[in-house]
Amino acid sequence: MILPWHLYLMALLYIMAGINHFRKPGMYIKIIPPAFKNPKLINILSGAAEIILGILLTLPFTRSFAAWGIIALLIAVFPANVYMLQNKKAGFGLPRWILFVRLPLQLVLIYWAYQYLY
């Protein structure tokens, strides 16, 4: 079975993002809201989850599991996107409109993952 290019793209994006959690942890730790304890551990777990789920997405027998995991992960990281909008330091100086557009973008990413549930 040949996988569609968009599935490979999605898997690659999550794998690369997950690797980046370990290459530049400060960037991710900065956007974790202070209400969450142990941001270093959260960064490690979310980065590892992105790598693992990205790999599992490419395997037919784990694809549905990976898609559910990605959906759960996107919901779990949503508070970080809200925090970026609310806190200038966490927003990396990006224009507010970009930070605002990131919020509904999560729904697009969830829909993309939803395409691989079955």
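**Helices and annotated spans in a predicted model**

Modeller: The end C-alpha atoms of residues 42–59 lie 26 Å apart, and the span is 89% helix and 0% strand. Helices are DSSP runs of H or I, at least four residues, and strands are E runs of at least two, numbered from the N terminus. This is a predicted model: local features need pLDDT of at least 70, side-chain atom pairs count only at pLDDT 80 or more, and totals for chains, interfaces and linings use all residues. Residues are numbered from 1 along each chain as its sequence is written, and side-chain values use heavy atoms, without hydrogens and water.

Colleague: Which residues does the UniProt "transmembrane region" annotation cover?

Modeller: The unreviewed entry gives 6–22, 42–59, 65–85 and 97–114. Such annotations may be inferred rather than shown by experiment.

Colleague: How far apart are the ends of 65–85?

Modeller: Their C-alpha atoms lie 31 Å apart. That span is 95% helix and 0% strand.

Colleague: What is buried in helix 4?

Modeller: Arg 63, Ala 66, Ala 67, Gly 69, Ile 70, Ile 71, Leu 73 and Leu 74. Buried means under 20% relative accessible area (1.4 Å probe, protein chains only).

Colleague: And what do they pack against?

Modeller: Helix 1 (5–23), helix 3 (39–57), helix 5 (78–86) and helix 6 (96–114). Contact means heavy atoms within 4.5 Å.

Colleague: Switching to helix 6. Where is the kink centred?

Modeller: On Pro 104, at about 35 degrees. The bend is the angle between axes fitted to the seven residues ending there and the seven starting there.

Colleague: Which residues of helix 6 are buried?

Modeller: Leu 99, Leu 103, Gln 106 and Ala 113. They pack against helix 1, helix 4 and helix 5.

Methods
Buried means under 20% relative accessible area, exposed over 50%, partly exposed in between (1.4 Å probe, protein chains only).
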